Amino acid sequence: MKQEFVIIGILILVLVLGFFLFKKLFKNDETGKSNKEIIKSELSFADADYERFANSLYQAMNGSGTNETTIYEVLGNLKNKSDFYQLVKSFDVRTNDGMFSKNIEGTLAEWFNYELDDTELKKVKEIILTKTGVTF
Ligand SMILES: [Ca+2]
């Protein structure tokens with residue numbers, strides 16, 4: 001009987017570890033995919049600019065509330081597919097540090113899905129498609 005509990009315990013541990021590993025791999029895969037899509041010569045901005053855009057998006061969503069206007073403005077700067085994927089890469093995986101808001105750890109896509117309602121998400125997707133040709 002005791003042995004069975006040990007086996008069940010180990011099984012649960014393996015499942016939990018497997019889940020976190022899967023999550024991590026999945027996220028790395030998304031960043032990896034973005035990497036492949038970036039054509040350096042197409043980039044419209046300097047590295048520091050993408051970093052600045054990513055930080056603005058993060059600040060617009062981090063903590064309580066969401067500043068949709070900032071999100072639309074930042075995305076409106078993008079000019080092509082490489083710009084978009086470079087932004088996704090710069091954003092990488094970020095964690096919410098708001099004291100009273102839910103814990104989010106995710107990529108730009110995950111943040112958008114979490115922070116925006118259907119209408120806002122639709123607008124974000126439209127901007128990205130119009131500016132960069134990426135179906136997001
Ligand atoms: Ca928020």
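Let me begin with the conventions. Residues are numbered from 1 along each chain, in the order in which the sequence is written. Because the model is predicted, local features need a pLDDT of at least 70 and side-chain atom pairs count only at pLDDT 80 or more, while totals for chains, interfaces and linings use all residues.

I turn to the overall layout. The chain contains six helices and two strands. Here helices (H or I, at least four residues) and strands (E, at least two) are DSSP runs, numbered from the N terminus. Read from the N terminus on, the order of elements is α-α-α-α-β-β-α-α.

What radius of gyration does the chain have, and what would a compact globule of 136 residues have? The chain has 18 Å, whereas such a globule would be near 14 Å. That radius is taken over C-alpha atoms, and the globule rule is 2.2 Å times the number of residues to the power 0.38. Along the principal axes, the C-alpha atoms fill a box of roughly 65 × 35 × 25 Å.

Of the 136 residues, 19% count as buried. A residue is buried if 20 or more other C-beta atoms lie within 10 Å of its own, exposed if 12 or fewer, and partly exposed in between, with C-beta atoms placed from the backbone. As for contacts, two residues are in contact if their C-beta atoms, placed from the backbone, lie within 7 Å. Among contacts with a separation of 6 or more, 69% join residues 24 or more positions apart.

Next, the core. In soluble globular proteins, nonpolar side chains tend to be buried together. A nonpolar core is a set of buried Ala, Val, Leu, Ile, Met, Phe, Trp, Tyr and Cys residues joined through C-beta atoms within 7 Å. The largest one in this model has 18 residues, and those with the most contacts inside it include Ala54, Leu57, Phe84 and Val88. Helix 2, helix 3 (68-76), helix 4 and helix 5 (108-115) each give two or more residues to this core. Helix 2 gives the most, with six residues.

Now consider one pair of helices. Two packed helices are described by the angle between their axes and the distance between the axes. The axes of helix 2 (residues 47-61) and helix 4 (residues 81-91) come within 8 Å and cross at roughly 65°. These axes are lines fitted to C-alpha atoms over the stretch in contact, and angles run from 0 to 180 degrees between N-to-C directions. On the helix 2 side, the residues that meet helix 4 include Tyr50, Phe53 and Leu57, and among their partners in helix 4 are Leu87 and Phe91.

Which residues does valine 88 contact, leaving aside neighbours within four places in sequence? They are Ser34, Thr107 and Leu108. Serine 34 itself is found in helix 1 (residues 2-37). Serine 34 is buried, because 21 other C-beta atoms lie within 10 Å. Apart from neighbours within four places in sequence, serine 34 is in contact with Tyr85, Val88 and Lys89. Serine 34 and serine 82 are 48 residues apart along the chain, yet their C-alpha atoms are separated by 8.5 Å.

Tyrosine 72 lies in helix 3. Is tyrosine 72 buried or partly exposed? Tyrosine 72 counts as partly exposed, because it has 15 C-beta neighbours inside 10 Å. Not counting residues up to four places away in sequence, tyrosine 72 touches Lys123 and Ile127.

Aspartate 92 has a positive phi of about 55°, although it is not a glycine. With 15 C-beta neighbours inside 10 Å, aspartate 92 is partly exposed.
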